[in-house]
Every structure is written in C-alpha cells, then in structure tokens.
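Here are my notebook entries from a look through this model. I began with the ligand and then moved on to helix packing and the backbone.

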Amino acid sequence: MLDTLQHAPRVAHGAPPSTLQWRDACQELRWGLLATPPSIAPKFLYDAHGCALYEAITTLPEYHLPRVERAILDRHQGAMLQLLPRGAELIDIGSGDGAKARRWLDAGIVRRYIGLDIAEDWLREVLRRGRQRYPGVQFDGVVTDLTWGLQLPLPREAERPRIFWYPGSSIGNFEPAAATALLAQMRAHMRPGDALVLAVDGPVEHARMVHAYDDAAGVTAAFNLNVLNVVNRTLGASFDATAFRHRAVFNAEASRIEMHLVSQHAQAIALGTGQVLRLQASEHIVTEHSYKHAPARAEQLLRGAGFDQLQRFGIDGEAYGVYLARIGHAESER
Ligand SMILES: C[S@@+](CC[C@H](N)C(=O)[O-])C[C@H]1O[C@@H](n2cnc3c(N)ncnc32)[C@H](O)[C@@H]1O
C-alpha cells in the first residue's frame with residue numbers, strides 16, 4: 001500500500017513477502033511469551049513512550065555508544081566522503097529520530113532520503129522536519145518490520161547511487177545468521193559504487209558494557225519495563241510492571257548483552273484468549289539481545305552477506321567500528 005499525501009512525503013507500508021512469513025503481532029507475542037525462556041522481541045520496545053525513553057538513553061553518561069560513534073564519524077567523515085557517492089539515495093535503516101542522517105544531508109551528497117522504521121509516528125515526524133530543513137531533498141519513508149526481512153518498495157536498479165545507513169549498532173539486535181541475511185538483502189539492492197555504512201559495537205570491559213544497559217538513573221529500566229504496557233495493550237494481557245525488575249547481563253559465550261525482566265515473585269499472567277504465563281520468583285523474560293561483534297566477527301557478517309570491499313573506521317581504545325562496505329564489479333553480477 002502506498003499512501004501518497006498531498007504536500008507530504010510518501011510513506012509506504014512494507015508488506016510481508018508472503019503469507020507464510022506473515023507475523024501477526026499478537027500471535028508473535030504469545031508464541032514468544034509461551035516459549036522457554038519466555039521472550040518479547042525488542043521491536044515491541046518502541047511505542048511512543050519507548051521511543052522517548054530511547055532518546056533519553058542516548059544522552060546518559062553510561063550509554064557510551066552514541067558518543068563513541070560520533071567521535072569515529074567526526075574523525076573519519078572526510079575519508080568516508082571520499083568513498084561515498086554523490087547525489088545519492090540515503091536509506092536510513094531503523095531511522096529513529098533521524099538525527100544521525102543530518103551528517104550526510106549537511107554534506108550535500110543526498111538527493112533523496114528514505115527512512116525505514118517500525119515506529120510510524122516517529123518516522124512521519126522525521127520526514128516532516130527533514131522536508132522543512134532540506135527543501136532540495138526528497139523525503140520518503142517505509143513503515144516496516146525488519147524482522148520480516150528488508151521490505152524496500154524500490155527498484156533494485158536505482159536511478160541514483162545508494163547509501164544504506166545503519167547506525168546505532170542496531171544490527172546487534174539480530175541473531176548473527178539473521179544479521180547476515182538482512183545485510184545480504186541490502187547488498188541485493190546495491191551496485192558497484194553504492195555503499196553500506198554500518199555501525200557495529202564490539203566487546204569492551206565487562207562493567208562498562210553492563211552499565212551501558214543498566215544506568216544509575218533507571219532510564220533503561222523504565223524503557224525495558226515499558227514493553228509490558230505494550231504487551232498489555234496489544235494482547236489485553238495482565239502484566240503488572242511493578243512485579244518485575246530490569247536486569248542486564250553479559251553472556252560471554254555468545255558475546256551479547258541480554259536485557260531481562262525478572263519476576264519478583266511467583267505469578268500467573270493472563271495473555272488473553274485464555275492463555276496464561278506462569279513465572280516463578282527470579283524467572284525471567286528476555287527482551288533484547290545486543291551482540292557485541294569484535295572486528296573479525298563483524299567482517300565475517302559483512303563478507304557472508306556478499307560485501308567484498310570493506311573499510312573499518314574506529315578510534316584508539318574502542319571496540320566500536322563503523323564499516324564502509326561496497327561490492328566490486330564481479331560481485332554485483334552474481
Ligand atoms: C536503537 S534505535 C536506533 C535509532 C537511530 N538509528 C540511532 O542510531 O539513534 C532502533 C530503531 O530501530 C527501530 N526498530 C526496532 N526494531 C525494528 C524492526 N523490527 N523493524 C524496523 N525498525 C525497527 C526502532 O523503532 C528505532 O527507531
């Protein structure tokens with residue numbers, strides 16, 4: 001469905017690729033909650049309140065990721081601009097508040113911006129503001145769920161060169177095989193000369209990683225607990241957020257931070273349609289995995305997705321990397 005609004009950017013709704021892959025939100029939530037261990041997919045964290053809390057998280061002293069990413073991009077922007085195409089279509093994956101794309105818009109290399117996000121209201125606001133600020137740039141958006149795969153209602157052969165922009169290390173929220181599959185879908189929409197700019201967080205000191213997801217002011221806790229309100233609204237479920245505690249742990253074997261909601265006492269939660277989730281005290285629900293990919297693993301993901309020209313930009317002492325990934329001529333002809 002393409003919803004063309006007069007005087008407004010075009011917003012398309014990404015359709016699931018086939019009925020077999022269709023995931024109904026209610027069904028997906030119930031499946032997750034009745035699995036072992038119970039889980040809620042991280043995409044449900046981003047209702048309007050969750051989006052506002054995420055913006056607050058990005059300013060927390062403990063959440064070092066955006067600051068490190070900004071430092072890398074500030075240091076290397078000139079070198080990256082040498083490699084990026086001009087007059088490009090910038091596809092902002094998981095666009096959020098869209099603020100990070102301004103770097104490329106201000107550099108004057110973008111003719112069309114396409115935001116992709118599950119949070120429709122946030123996306124519409126990004127497009128409205130972008131259009132005011134950059135009258136020479138076309139602003140469009142796609143409301144989509146990336147866990148269905150990349151739903152990009154664009155021709156594979158673009159009129160303009162393409163830049164896929166995937167900041168924030170959000171790729172870490174995908175299991176590694178799914179991350180490679182998503183990157184491969186981006187690659188399929190690229191030609192030689194196009195680029196993917198991908199931020200990937202890596203493992204650092206244990207306490208630093210855990211505090212980044214469990215801050216002293218409790219903002220990340222509020223963000224995590226808010227997902228129970230989303231589930232209550234979506235399913236008509238009976239979660240009491242005060243009966244849970246936020247927890248962030250580093251799973252060293254998998255190299256990922258896990259966010260949990262830990263049950264504070266034995267409880268039975270109605271999930272609607274007669275189903276009940278029973279939790280003992282200290283049992284938990286998994287709400288997010290954030291993989292911390294060391295450079296060798298990040299490169300493996302990108303090469304596995306078919307990118308054969310990789311450049312990593314970083315700063316001393318940090319495991320965070322920003323990759324500029326492209327394809328050579330032979331690759332594009334596969
Ligand atoms: C961690 S935020 C990053 C926002 C922004 N790119 C940044 O780096 O600050 C993740 C963004 O991805 C969106 N998102 C999360 N899960 C998604 C999904 N399954 N499909 C599409 N967007 C999703 C959220 O709404 C949010 O805007």
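This is a predicted model: local features need pLDDT of at least 70, side-chain atom pairs count only at pLDDT 80 or more; totals for chains, interfaces and linings use all residues.

A polar backbone atom of Leu-146 sits 2.8 Å from a nitrogen atom of the ligand. For Asp-145 I found a polar side-chain atom 2.9 Å from a ligand nitrogen. Thr-144 also takes part, with a polar backbone atom 3.4 Å from a nitrogen atom of the ligand.

Next I checked which residues surround the ligand. I got 18 of them, and the closest are Gly-94, Lys-100, Asp-117, Asp-145 and Leu-146.

Then I turned to a helix pair. Two packed helices are described by the angle between their axes and the distance between those axes. For H1 (residues 25–33) and H8 (residues 219–235), the axes come within 10 Å and cross at roughly 125°. That makes H1 oblique to H8. I noted the crossing of H1 and H8 as left-handed.

Who meets whom there? On the H1 side I listed Ala-25, Cys-26, Leu-29, Arg-30 and Leu-33, and on the H8 side Val-231, Thr-234 and Leu-235. I sorted the residues of this H1–H8 contact into six nonpolar, one polar and one charged.

Most residues other than glycine have a negative phi, and most peptide bonds are trans. Thr-36 and Pro-37 are joined by a cis peptide bond, with omega about -10°. I placed Pro-37 in the loop between H1 and helix H2 (48–57). Ser-169 is not a glycine, yet its phi is positive, about 60°. I found Ser-169 in the loop between strand E6 (162–166) and helix H6 (176–188).

Methods: Residues are numbered from 1 along each chain as its sequence is written. Side-chain values use heavy atoms; hydrogens and water are left out. Axes are lines fitted to C-alpha atoms, for helices over the stretch in contact, and angles run from 0 to 180 degrees between N-to-C directions. Helices (H or I, at least four residues) and strands (E, at least two) are DSSP runs, numbered from the N terminus. Angles under 35 degrees count as roughly parallel, over 145 as roughly antiparallel, 65 to 115 as roughly perpendicular and the rest as oblique. A crossing is left-handed if the near helix is turned anticlockwise from the far one by less than a right angle, and right-handed if clockwise. Contact means heavy atoms within 4.5 Å. Ala, Val, Leu, Ile, Met, Phe, Trp, Tyr, Cys and Pro count as nonpolar, Asp, Glu, Lys and Arg as charged, and the others, Gly among them, as polar. A residue is near a molecule or strand if one of its heavy atoms lies within 4 Å of it. A polar contact is a pair of N or O atoms within 3.5 Å; within protein, one must be able to donate a hydrogen and the other to accept it, and residues adjacent in sequence count only if both atoms are side-chain atoms.
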